[in-house]
Amino acid sequence: MLILLRTDATKQEIEAVTQRVRELGFMPHEIPGVQRVAIGVTGNKAKVAPDNFLVLPGVVDVVSVSKPFKLVGRDFKAENTVVDVGGVTFGGREIQVIAGPCSVESREQIQEAAEIVKASGAKLLRGGAFKPRSSPYAFQGLKLEGLEYLKEAAERTGLKVVTEVKDTETLEMVAEHSDLLQIGARNMYNFSLLEKIGDLKKPVLLKRGFSSTIEELLMAAEYILARGNYNVILCERGIRTFEQYTRNTLDLNCVPLIKKLSHLPIIVDPSHGTGAWDLVSPLAQASLAAGADGLMIEMHAHPEKALSDGYQSLAPETFRRLMVQLKRYEPILERTIA
Ligand code: PEP
Ligand code: MN
């Protein structure tokens, strides 16, 4: 349910509405916007009589929202959400590139990667320290040590840290060492983790599960927003199909579709989406053409030595070339590429 107030509604009038929502046992969400003043209501199991709010001063309409997702939907908020990651914004005019190795492997490895990322003009460094691997025998990440190397490399180069949080037990530790918390494809359905992250106000990068529908992705984001954390960036990273030539099938349909359904920023990860380094650049360009707000690219200074995802990682020279190529799209997209 959405309560609409006059655009010039006073602070007291807004306060009275949120107060009434709480008295009824629901949660109010003030939705900022230039076109209107709106308050979203969640937590209602059944329909609430609109009269509860229509009688209050300043209220002009009460609309029920029929879609299963509420707070993430365009019905709730018409304007694009801009997520601020320590001064680096997603969903605005600037397109962001997050780059770095799949895993943090050593202090030297991540430092070398950070320097390449920095020189390319990108503003965010990625690297997994807690790796949710399909095999229990595969490299599981350097854990706390990896987080420390990652943070150190990012601080030295002035980049923001993006890293995956694997479970609720390590959430606090990962949050302390990062600027943007990544929820991996395997954890998109980990509702306790989503709820805990919803309680933190830290920006989140939510990756689409490899067998999840677009609606399921939006519902996973809804879990986070429903707890009061509105700083969510979505990420398309490929889904499983019958196709065997590629690791996943990158579903670029979802970019313009999500732009229509939701106000949240969406970025694309063509590295996991294809699983092959030589397909990454064309799909990165296609992602921007489809309207993505950013890219996540796996890049390794020595892909042949990588402890995970080496085959899909760009070598430094290919990465540099891609960044130069992407810059050429700026006038067409009418956006800048960081
Ligand atoms: C990753 O980003 O390295 C990763 C594990 O991604 P995903 O969760 O999309 O598989
Ligand atoms: Mn990876």
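The manganese ion (ligand 2) is held at 2.1 to 2.4 Å by Cys102 (SG), His272 (NE2), Glu298 (OE) and Asp309 (OD), where donors are N, O and S atoms within 2.8 Å of the metal (3.2 Å for Na, K and Ca) and water is not among the atoms, so sites may look incomplete. Along the chain, these donors follow the spacing C-x169-H-x25-E-x10-D. Cys102, in the loop between β7 (94-100) and α3 (107-120), and Asp309, in the loop between β14 (294-298) and α11 (316-327), are 207 residues apart, so the pair links distant parts of the chain.

This is a predicted model, in which local features need pLDDT of at least 70, side-chain atom pairs count only at pLDDT 80 or more, and totals for chains, interfaces and linings use all residues. Residues are numbered from 1 along each chain as written, chains are lettered from A and ligands numbered from 1 in the order written, and side-chain values use heavy atoms, leaving out hydrogens and water.

Now to ligand 1. Its polar contacts (N or O pairs within 3.5 Å) include these:

| Side chain | Distance to an oxygen atom of ligand 1 |
|---|---|
| Arg237 | 2.6 Å |
| Arg186 | 3.0 Å |
| Glu298 | 3.3 Å |

Taken alone, ligand 1 exposes 290 Å² (Shrake-Rupley method, 1.4 Å probe), and the protein buries 97% of that.

Definitions and conventions: Polar contact = N/O pair within 3.5 Å; in protein donor to acceptor, adjacent residues only side chain to side chain. Helix = DSSP H or I, 4+ residues; strand = E, 2+ residues; numbered from the N terminus.
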